[in-house]
Amino acid sequence: MGTDATSAPAGTGLTVPPGTSMDPKLALALNVHANPGVYALLLGSGLSMASGVKTGWGIVEDLVARIATVHAPDNPQAGAQASADPEGWWAENFTSPLGYSSLLEEVAQTPAARQALLDPYFVPKDGEEATDKAPTAAHRAIARMVKRGSFRVILTTNFDRLMERALEEVGFSPQVVSRPEQIDAIKPLPHSQITIVKLHGDYADLQQRNTVTELDSYPEAQQELLKRVLDEYGLIVCGWSADWDKALVRAVEGTRSRRYPLFWSTYGPLGTEATRLTAQHSAAVLKGMSADELFTDLERRLEALDRLSAPPISRDMAVAQLKKALPDPVKRIELYDLVQDAASTVVNAAAPDRRPLYNLDFAETLHTYRAETDTLLHLLATGVFHDDGTYDALWLRALQRLVKVRGRFTGTFNEALEALRHYPALLATCTIGLSAVLAHREELLATVLTQPTWTSYTAGSTPQPPAHYLHPGRVAGGDLREVLPLSGGNTYLYPQSHLLRDELREPLRLIEPDDDAYRAAFDRFELLASLVAIDANPAWAMPWPGEFLLGNSWDPDRALALQPLLQAGAFNGDVDRAIKAYDTLVAWRQQNHRGF
């Protein structure tokens, strides 16, 4: 297919020819990705099947049943019998051949009558589900690919408005051409974000083309526009049988040699005309795929190619992308990949074969873990704070992956280094917890401090909750003097608490710039974590010793404000258990706290 440099956007020129051993799905994805905006879509009625909008033959079957019912009003089975064999029933009662076009010509001779007859097939009825006659997965995948710049032109034989609705869902208002007199006034195709050319007209337009006579030729202006698109753009065909649209068949047939391959998707066997066209243009035929499968698969492959070609993003860019994706449900996959990629960086770097558990400096290893988790901590801080609970499962999944870093291993190990493998999980847990406190979403702590459970591979086999196995003294119990040096060889009263407060100040500064408010939030988090830890293991009864116990931070009355945690399932929802944990914490401080 020829390309006019002034009309179609230029890609990198990658072309995977059909007829090779490569799967056509792979060739399609590679070509579309390499040439954004170069391919046009030709969509037929098969695209809308999953929405409940019938194909032409489905409408024929339904209309034949209705005609049979009025033809034999005294026979309650007339409609069902005709539906079982519409062609046979029609042949017995009428002389004209049965077909979509001929049936409409017989039943409704004018465009207005045809619109009234077809109305129930395209407009949701009262009582129908929200998904009935709504955009399908294919419509929505196409809309998202339009938004990413993959397509700029859509040719369609459908006169429903499902494609327009899908585009509007992603914030696009398409340029729609449904009548030939509109063509002179449209924006040039390369300058429009997306143009839909409705070859058979629009549903609300009385100039729809349905019959053989109407589909035998197009108005001159529409024919010229169609010729231009077929001549200047690559073509991906889906849901079009080529059985009835003689003018469109001739247009595709008359197109000169293509610079870009033609891709033709079909769920069932190709008809005579489609077989001839695919052979003429050496098309790559994608067989056995529904429209939903084709376009969701293509979108998935394009996103994979994006990730492959995209350079690593900085921490600040990742946070900026998260802020854009968080409120946009269309970008949920992008948000998922963003967080999971950051988690993968930590998980992969901490694998035992990459980081041995012996002969490493404790302080240096601790700093390395913190550096590797930096992007993830910033994403968690911003994401949890601004989220309304929609993506809690995403934050918790990232945390769960970090917990699994401390898995089975073989060989020699240093106990402090082995326990430190949970340091990224501890940092992430504190970050989520602090953000939840600052966002007044303390119910999230009930999950973060109790799930997922973890079983030690070196001591015991009882599953433990995070409040127990992520206890800062257990995870970062090594020598912290090099990490937190004080003059005269002194140490902090609660070194792990001081360390965590220092380590997490920067990620949390994005959402809480005030230092006093940050300290208050950390005090609150440590207090709540201590209560959950005591309740989780009454026999051990060890809180998270922290600076919240110091005189200027200690406020036991705040511990009584536990309603969000109780409602979310902490302490098994038992107020008495919460009070018992509180009493234990107060007693522990009286016996063990040596500060002011």
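Biologist: Which residues does Leu277 touch, not counting residues up to four places away in sequence?

Modeller: Contact here means heavy atoms within 4.5 Å, and by that rule Leu277 touches Trp240, Ala242, Val249, Val252, Glu253 and Trp264. Before we go on, please keep in mind that this is a predicted model, in which local features need pLDDT of at least 70 and side-chain atom pairs count only at pLDDT 80 or more, while totals for chains, interfaces and linings use all residues. Residues are numbered from 1 along each chain as its sequence is written, and side-chain values use heavy atoms, with hydrogens and water left out.

Biologist: Where does Leu277 lie, and is Leu277 buried or exposed?

Modeller: Helices (H or I, at least four residues) and strands (E, at least two) are DSSP runs numbered from the N terminus, and Leu277 lies in helix H12, residues 272-280. Buried means under 20% relative accessible area, exposed over 50%, and partly exposed in between, with a 1.4 Å probe and protein chains only; Leu277, at a relative accessible area of 0%, is therefore buried.

Biologist: What do the figures for the whole chain say about burial and contacts?

Modeller: Of the 596 residues of the chain, 51% count as buried, and among contacts between residues at least 6 apart in sequence, 71% join residues at least 24 apart. The secondary structure comes to 27 helices and 7 strands.

Biologist: How many salt bridges does a search of the whole structure find?

Modeller: Side chains of opposite charge can pair when their charged atoms come close. A salt bridge is a side-chain nitrogen of Lys or Arg within 4 Å of a carboxyl oxygen of Asp or Glu, and the search finds 30 of them. Lys25 and Asp23 meet in one of these, at 3.0 Å from N to O; Lys25 is partly exposed because its relative accessible area is 23%, and Asp23 likewise counts as partly exposed, at 31%.

Biologist: Which residue forms a salt bridge with Arg421?

Modeller: Arg421 pairs with Glu418, the closest N and O atoms being 2.9 Å apart. Arg421 has a relative accessible area of 1% and so is buried, and Glu418, at 5%, also counts as buried. Elsewhere, salt bridges that share partners join Arg315, Asp316, Arg370, Asp374, Glu503 and Glu506 into one network. Within that list, Arg370 and Asp374 form a salt bridge with their closest N and O atoms 3.0 Å apart, and both residues are buried.
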